[in-house]
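This briefing is for a reader meeting the structure for the first time. Please look over the sequence and the model before reading the notes.

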Amino acid sequence: MLLDLAVCVGLVLATFAVYAQSSGFAFVNYDDDVYVSQNAHVRAGITPASVKWSLTAPVAGNWAPVTMLSHLADVELFGMESGMHHLVNVAIHALAATFLFLFLRRATGALYASAFVALVFALHPLHVESVAWISERKDVLSALFWFGGFYAYLRYCERPTEARFLVVSAALCLGLMSKAMMVTFPFTLLLLDVWPLRRGLSAKTITEKLPLILICAGASVVTYMVQKSAGAMVSVPFVSRIENAAVSYVTYMGQMFWPAGLACFYPYPESIPAWQAAAAFAGILAVSALAITARRAYPYLFVGWFWYLGTLIPVIGLVTVGIQAHADRYTYIPMVGLLLILAWGAVDVDRQWPRLRPAIGVLAVICCAACATVAWTQTAYWRNDETLFQHAVDVTQRNWLAENDLGLYLNATGRAADAIPHFETALRIKPDEARVHDSLGVSFIKLGDCAAAIPHFQSALSLRPDSPKANYNLGYCLASRGGDADAVPYFTSAIRSQPDFADAHVRLAMSLSRIPARAPEAVRAYEAALRLVPGDARVHARFGELLANLGRTDEAIAQLETAQRLHPDSAISKMLADVRAARQ
């Protein structure tokens, strides 16, 4: 019992030793802005409106209400202190690793093998993305419910009752509402029935899981519909998807044993040599045949291998969601299957050749130490956008997204001139990517060259006419050059694509207010803008100025007084005094 407690404490301490550095990390503009830092609902903390939104609204093509509620809780507790958001990820990851250990220890009785699997799970560099990236809260939460569900299932198998099965079902539901990848959870329970629980596959063990399978089937349908409606699914030829899936299975195994050159984004290959795909298929089939043949003598080989293959199916790319070829985060649960093979393979070696025990122990310690060392280094790359995307550019080839996002960071930090070469490189790699044209145009705006920016926004809109950012940016350029009438349709289009685009509402109101015949429309536009940004003093001041020009003096004074209260300013004070004087 004391040894078990020591392992649990060691898991938590080791996890925090590697990841505590993330307490000083920033949010990154790689989904963190969508999930947390620029999400108005999340930034509001826990309110009736934000809770309702979390339970009903998909985010970035995912419906994950438990994950979003956890982000609301973070904001409620810690505000927008990014370091604390990171540490919550770390704590959940450590707890998930602890549940994994407790399950394996109780199910197998093997202390050291169970500890090894849990410790490598906690420290492996491939898992850094899932832990150090705030947006992957869904990964660590789903793992917590996954392994907690395993422990609940073990207790159910020890004494089957409806109440205990309901706990398993609840863990599944909470996990699915954290990340839909948990749809393979019933499959892993069937594998556990083979080993280590040794219940066997029978009509009874399969039938008892039908409620769980039905829940997962429903979740799969919902996930497919949400991702399709969000445009998250990418059109890739079926043959290419099959080839990439096979190669990815092998790639993940290679990265597990030699985790070098890890990056936040791996570009989809332009082509895959036929021999690579064929060799990958042959290898997968060969190991699968071996696992089936040896299932009685080495059941952990059968379970571990098909755990790895099966849990990767939702994210292996057969249904293409996103534009990445593969991703480190996708190994978070599947790797456990391979770790089971290694750990209990070592147990068998130790049993047959006891003299090798010291060597096995030393090798295990070296493995864990190496994982911790590399994970520490890999975690440091998640410090901010610049370190993250510069590293991705350094370790991958033709990585247009990393070039683009590095440029975005440079733009945001006042280094637009330095950003332009990165956008140009991204366009040489992927000339038909609308977001890169838009990003390059923004660089030119920041350098005060709207004439150079306009063609890039036009190119972005020719590729994606409904892009809210490109429409807004083109409208901004046209308005800044005196073309308010030409700008209005683009601001309107940006709002049509993104109704809560506050800046577009403000700019539309400003342009309309400068067109005398359209002043009534400007009033309505300012009213719409203020519903989104009621605390923006500048918008209140501009609206007040418009109302004063329209002779609506009392309303103008009310807006200017609000502006002055929100942000005292001498120019607003003078305007307010002039309007009051005119009323007298």
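Buried means under 20% relative accessible area, exposed means over 50%, and partly exposed is in between, with a 1.4 Å probe and protein chains only. The model is predicted: local features need pLDDT of at least 70, side-chain atom pairs count only at pLDDT 80 or more, and totals for chains, interfaces and linings use all residues. Residues are numbered from 1 along each chain as its sequence is written, and side-chain values use heavy atoms, with hydrogens and water left out.

**The chain as a whole**

- The protein chain has 30 helices and 0 strands; these are DSSP runs numbered from the N terminus, with helices being H or I of at least four residues and strands being E of at least two.
- Its C-alpha trace spans about 100 × 50 × 40 Å along the principal axes.
- Of the 584 residues in the protein chain, 52% count as buried.
- Contact means heavy atoms within 4.5 Å. Among contacts in the protein chain with a separation of 6 or more, 68% are between residues 24 or more positions apart.
- The protein chain exposes about 26,100 Å², of which carbon and sulfur atoms supply 63%; accessible areas come from the Shrake-Rupley method with a 1.4 Å probe, and for residues only the protein chains shown count as cover.

**Backbone features in loops**

- Most residues other than glycine have a negative phi, and most peptide bonds are trans.
- A60 has a phi near 55°, a positive value in a residue other than glycine. The loop between α4 (48-56) and α5 (65-78) holds A60, which counts as partly exposed because its relative accessibility is 42%.
- R198 also has a positive phi, near 55°, and is not a glycine. R198 is in the loop between α11 and α12, and it counts as exposed because its relative accessibility is 58%.
- The peptide bond from W195 to P196 is cis, with omega near 10°. P196 lies in the loop between α11 (185-194) and α12 (203-207).

**Helix α26**

- Helix α26 covers residues 502-513, and its 12 residues should span 16 Å at 1.5 Å a residue. The expected span is 1.5 Å times one less than the number of residues. The end C-alpha atoms of α26 are 17 Å apart, which agrees.
- Because 9 of its 12 residues are buried, α26 is largely enclosed by the rest of the structure.
- The buried residues of α26 are A502, A504, H505, V506, L508, A509, M510, S511 and L512.
- What covers these buried residues includes α24 (468-480), α25 (484-497), α27 (519-532) and α28 (537-549).

**V128 and its contacts**

- V128 is in helix α8 (residues 128-132), and V128 counts as buried because its relative accessibility is 1%.
- Apart from neighbours within four places in sequence, V128 is in contact with Y19, W133, A375, Q378, T379 and W382.
- V128 and Q378 are 250 residues apart along the chain, yet their C-alpha atoms are separated by 6.8 Å.

**A nonpolar surface patch**

- V221, Y224, M225, I313, L318 and V319 make a nonpolar surface patch of about 550 Å².
- Patches are made of residues with over 30% relative accessible area and no salt bridge; like charges are joined within 9 Å, and nonpolar side chains (Val, Leu, Ile, Met, Phe, Trp, Tyr) within 5 Å. A salt bridge is a side-chain nitrogen of Lys or Arg within 4 Å of a carboxyl oxygen of Asp or Glu.
- M225 lies in helix α13 (residues 210-229) and is exposed, with a relative accessible area of 54%.
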